[in-house]
Amino acid sequence: MAFYMFGDYIREQRERMGVTQEDLCEGICSPGTLSKIENGRQGVRLNQYIALMERLGLPVQPMGVQVTEGEMRWHNLKQEISYKISSGCRDVEELLARLEKCSYKADRITEQYVSFVRAGIKMGNGNNGEVVFDMLLRAIRYTLPRFDFNNINNVKLLTFDEIMIIDNIAIMMRKQGHIIKAIMWGYFLKEYLEKGNIDYDEKVRIYPMILFNLSNWLIGCGKYNDAGEICSKGIEYCNAHGKLNIFMELLYNRGICYAETGDKKNAAQFFTYSYVIAEARGDKKRANIIEETLAGYGISKVMM
């Protein structure tokens with residue numbers, strides 16, 4: 001029976017993907033360090049392990065990696081912060097300070113995450129100016145120092161956090177009027193996820209959101225047929241994978257695409273689906289928006 005150490009595992013996956021050591025470890029560790037890790041001559045820190053696995057599209061699971069008490073504390077704090085942010089809580093500054101204290105000196109992965117969270121909080125509070133855009137660029141460049149939002153070709157392998165930061169950079173581009181660039185990056189992220197360069201569980205978490213954002217930007221350009229195709233793909237994916245947190249929004253956008261192209265019958269159907277979910281969730285604000293949209297298009301809800 002063959003036994004695989006972590007170094008063997010990542011080296012074989014890296015070579016299978018045709019990826020150089022330099023591309024894989026950029027911003028995570030030096031190529032020399034990665035070479036030692038692959039050859040079993042050096043251990044790997046927890047944050048490096050997670051980042052390398054995510055860039056290779058591999059599930060983050062125990063692979064003979066020894067974890068110190070401090071690394072476990074770092075991991076638990078990051079999980080707690082992410083949970084609070086996803087639940088709508090923005091009061092995480094104390095947790096971020098604790099995360100910074102328990103990280104290693106010059107830990108670019110932690111610096112990136114902290115900068116990203118702080119930028120996201122400002123965005124959530126309605127700050128959509130250059131300061132936030134610069135914070136996001138600084139965050140992505142901690143681990144991808146060559147990142148240029150005008151050049152997609154420089155981006156090859158991404159961690160989960162890097163994907164999220166690029167998506168938020170695209171959101172900021174859209175808010176600043178650079179809608180074509182936002183669409184360009186939206187399609188890049190869509191295709192990156194579809195190529196399988198990300199773990200299944202992580203893809204299920206973010207793929208529908210990437211499609212929803214892209215559909216918004218396409219609708220903003222009046223590209224309703226393209227947006228409709230993206231919405232349909234997202235709706236199908238949500239149905240197949242039980243992902244419901246963005247399902248209602250995709251249904252709503254699909255309704256807009258049908259309405260804008262003159263198909264009021266299908267528009268009414270998709271608006272109604274979205275309305276029913278909003279009502280079931282007790283989301284009165286969203287339900288009211290849908291009713292206003294229906295009235296604006298002169299469409300009535302269908303009988304369910």
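Glu 279 is partly exposed, with a relative accessible area of 33% (buried is under 20%, exposed over 50%, partly exposed in between; 1.4 Å probe, protein chains only). Glu 279 forms a salt bridge with Lys 284, with 3.5 Å between the closest N and O atoms. A salt bridge here is a side-chain nitrogen of Lys or Arg within 4 Å of a carboxyl oxygen of Asp or Glu. The model is predicted: local features need pLDDT of at least 70, side-chain atom pairs count only at pLDDT 80 or more, and totals for chains, interfaces and linings use all residues. Residues are numbered from 1 along each chain as its sequence is written, and side-chain values use heavy atoms, with hydrogens and water left out.

The structure holds 15 salt bridges. Arg 14 and Glu 38 pair at 2.7 Å, N to O. Arg 14 lies in helix H1 and Glu 38 in helix H3 (residues 31-38), so this pair ties together parts that are 24 residues apart in sequence. Helices are DSSP runs (H or I, at least four residues), numbered from the N terminus. Both Arg 14 and Glu 38 are buried. A further salt bridge links Arg 11 and Asp 8 at 3.2 Å, N to O. Both residues lie in helix H1 (residues 6-17), three residues apart, about one turn of the helix. Arg 11 is partly exposed, at 23% relative accessible area. Asp 8 is also partly exposed, at 24%.

Glu 71 lies in helix H5 (residues 69-86). Glu 71 is buried yet has no salt bridge. The nearest side chain of opposite charge, Arg 45, is 5.0 Å away (Lys and Arg count as positive, Asp and Glu as negative; His and the chain ends are not counted). The side chain of Glu 71 reaches the backbone nitrogen of Leu 46 at 3.1 Å. Beyond neighbours within four places in sequence, Glu 71 is in contact (heavy atoms within 4.5 Å) with Arg 45, Leu 46, Gln 66 and Tyr 104.

The largest pocket holds about 1600 Å³ of space. A pocket is an open set of points on a 1 Å grid over the protein atoms alone, where a 1.4 Å probe fits, with protein on both sides within 12 Å along at least five of seven lines; lining residues have an atom within 4 Å of a point. The lining comprises 41 residues, of which Ile 85, Ser 86, Phe 116, Met 164 and Met 209 lie nearest the pocket centre. At least two lining residues come from each of helices H4 (46-55), H5, H7 (108-124), H9 (160-175) and H11 (200-220).

How values were computed
A polar contact is a pair of N or O atoms within 3.5 Å; within protein, one must be able to donate a hydrogen and the other to accept it, and residues adjacent in sequence count only if both atoms are side-chain atoms. Grid points are joined across faces, edges and corners, and a volume is the space filled by probe spheres set on the points.
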